[in-house]
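Hi,

Here is the structure I promised to send over.

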Amino acid sequence: MSIDIDTARKVAHLARIAVPEENLPALADQLSGILTFMEQLNEVDVTGVEPMTSVTPMRLKRRADVVTDGGYPEKILSNAPDAREGFFAVPKVVE
């Protein structure tokens, strides 16, 4: 796929990148090269290959989703610098 100069100008505008007019042909060539490489990647047969999230096989540590002890908000709010009506009180940040 080939990117023309007008498309390169539009991409630069959308990316909020100031590209001088004389550099647009080079940018168009670079974008075309990226798209060509992506087309090559689409030709690779990946059937049976599981997607990976890391180069090392890892599993996230999980905990059981159970209710823990609670029911003592007074003890928790005793550590707060300011608590009102059973809630943490914080300074107003939006006028």
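Below is what turned up, topic by topic.

First, the ground rules. This is a predicted model, so local features need pLDDT of at least 70 and side-chain atom pairs count only at pLDDT 80 or more, while totals for chains, interfaces and linings use all residues. Residues are numbered from 1 along each chain as its sequence is written, and side-chain values use heavy atoms, with hydrogens and water left out.

On confidence: pLDDT is the predictor's confidence in each residue, from 0 to 100. The chain has a mean pLDDT of 89, and 100% of its residues reach 70 or more. Among the elements, α1 has the highest mean pLDDT (95) and helix α3 (residues 73–77) the lowest (88). Helices here are DSSP runs of H or I with at least four residues, strands are runs of E with at least two, and both are numbered from the N terminus.

Now the salt bridges. I use the term for a side-chain nitrogen of Lys or Arg within 4 Å of a carboxyl oxygen of Asp or Glu. Searching the whole structure gives 3 of them.

(For the cut-offs: buried is under 20% relative accessible area, exposed over 50%, and partly exposed in between, with a 1.4 Å probe and protein chains only.)

The remaining bridge joins arginine 84 to aspartate 82, with 2.8 Å between the closest N and O atoms. Arginine 84 is exposed at 54%, whereas aspartate 82 is partly exposed at 29%. As for shared partners, Asp6, Arg9 and Glu21 are joined into one network by their salt bridges.

Arginine 16 has a phi near 55 degrees, a positive value in a residue other than glycine. It sits in the loop between α1 and α2 and is exposed, at 67% relative accessibility. Glutamate 85 also has a positive phi near 55 degrees, again in a residue other than glycine. Its place is the loop between β1 (83–84) and β2 (87–88), and at 77% relative accessibility glutamate 85 counts as exposed.

Leaving aside neighbours within four places in sequence, serine 32 is in contact (heavy atoms within 4.5 Å) with Met1, Ser2 and Ile3. Methionine 38 lies in helix α2 as well and is partly exposed, with a relative accessible area of 45%. From methionine 38 to alanine 89 it is 51 residues in sequence and 52 Å in space, C-alpha to C-alpha.

Last, the pockets. On a 1 Å grid over the protein atoms alone, a pocket is an open set of points where a 1.4 Å probe fits, with protein on both sides within 12 Å along at least five of seven lines; lining residues have an atom within 4 Å of a point. Grid points are joined across faces, edges and corners, and a volume is the space filled by probe spheres set on the points. The largest pocket has a volume of about 170 Å³. Its lining consists of Met52, Thr53, Ser54, Thr56, Pro57, Met58, Arg59, Leu60 and Arg62. These divide into 4 nonpolar, 3 polar and 2 charged residues, where Ala, Val, Leu, Ile, Met, Phe, Trp, Tyr, Cys and Pro count as nonpolar, Asp, Glu, Lys and Arg as charged, and the others, Gly among them, as polar.

Cheers
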